Amino acid sequence: MPDAIDRAIINMLQDGFPIAERPFREAGAALGLDESALIERIGDLIAGGQLSRFGPMYNAERMGGAFCLAAMAVPAERFEEVASLVNAHPEVAHNYQRAHALNMWFVVGAERSEDIDTVLTKIKTETGLEVYAFPKLEEFFIGLRVSV
Amino acid sequence: MTHRLDSIDRAIVKETAPGLPLVAEPYTALAEKVGTDSADIMRRMERMLAEGIIRRIGAVPNHYALGLSHNAMTVWDVADEEIARLGAEIGALEFVTHCYHRPRHLPLWPYNLFAMVHGRSQGEIDTKIDAIAGRLGAACHGHDVLVSTRILKKTGLRLAG
């Protein structure tokens with residue numbers, strides 16, 4: 001289990017990390033840790049699985065990709081057939097069955113936003129079912145901040 | 001909004017995919033791999049941060065290892081004139097991720113705010129959902145919890161080349 005210093009590191013590093021020649025020295029100073037001790041602690045937290053990653057987190061859409069959440073109301077007797085048709089598209093990344101009238105939810109990722117519309121239209125034609133698009137109109141996500 | 005990345009930006013993205021090097025001068029280590037100097041790396045990363053290409057630099061806690069074993073995708077029907085203010089408020093809650101304003105599809109789908117709630121138990125999730133409902137107050141006309149019953153496909157999202 002992480003000790004008090006580890007917990008302070010996890011909490012602080014969720015708020016950001018300096019861009020500087022010796023960033024671990026700067027970040028460590030705020031915690032009362034020297035540079036090498038902080039580097040070692042972060043390495044141990046990753047090796048121990050308490051941290052899943054340390055570094056820059058990229059926003060894929062801002063890098064030029066396009067993504068869209070979509071959903072369908074699939075009749076129970078056609079569910080497996082429709083899942084196969086939807087999953088056959090390489091642009092379909094995630095697909096989940098969910099307990100709702102809209103019971104199939106998937107994410108389409110492509111290089112251009114026009115390609116998203118093309119994929120959704122193809123799925124609609126292939127299945128004969130309506131495909132509801134749920135594009136992000138606004139993002140409020142700031143990030144999960146876990147106080148440990 | 002699409003920002004073009006040049007070949008050095010792309011090399012930075014690729015080299016930092018596993019994370020930032022755990023050495024005293026990580027940006028210098030990165031510069032050596034990419035074939036530039038640390039000042040150029042830092043300038044580029046500052047720019048990508050400012051443009052939102054990099055959300056932030058830091059640590060991603062492993063939710064499961066830290067005890068956050070439960071989550072629920074919650075969806076809310078929030079008055080349109082209040083969605084910007086209330087969405088920002090809900091997105092800022094420390095137990096919420098993936099908080100987005102999305103379109104309604106009436107009559108099938110009245111919900112316009114999506115928020116993933118994380119917690120240490122189902123009881124904690126329920127308490128947090130109640131807390132969101134309390135914050136939204138009269139501006140919220142209904143909500144649902146979208147329970148995932150099966151993963152049908154899970155592959156990585158493809159990035160533009």
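Two strands pair if DSSP finds at least two bridges between them, and strands (E, at least two residues) and helices (H or I, at least four) are DSSP runs numbered from the N terminus. The model is predicted, so that local features need pLDDT of at least 70 and side-chain atom pairs count only at pLDDT 80 or more, whereas totals for chains, interfaces and linings use all residues. Residues are numbered from 1 along each chain as its sequence is written, while chains are lettered from A and ligands numbered from 1 in the order in which they are written.

**Strand pairing between chains**
- Strand E6 (residues 138-139) of chain A runs antiparallel to strand E3 (residues 96-101) of chain B, and two bridges join them.
- Within E3(B), His101(B) is the bridge partner of Glu138(A).

**Helix H2 of chain A**
- In H2(A) (residues 23-31), Pro23(A), Phe24(A), Ala27(A) and Gly28(A) are the buried residues, where buried means 20 or more other C-beta atoms within 10 Å of the residue's own, exposed 12 or fewer, and partly exposed in between, with C-beta atoms placed from the backbone.
- Because these buried residues fall within an arc of 120 degrees seen down the axis of H2(A), they line one face of the helix; the arc is that of the directions from the helix axis to the C-beta atoms.
- Ala29(A) and Ala30(A), on the other side of H2(A), are exposed.
- The buried residues of H2(A) pack against helix H3 (35-47) of chain A together with helix H2 (26-34) of chain B.

**Contact between chains**
- Chain A and chain B each give 66 residues to the contact, two residues being in contact if their C-beta atoms, placed from the backbone, lie within 7 Å.
- Strand E1 (residues 51-58) of chain A supplies eight residues, the largest share of the side of chain A that touches chain B.
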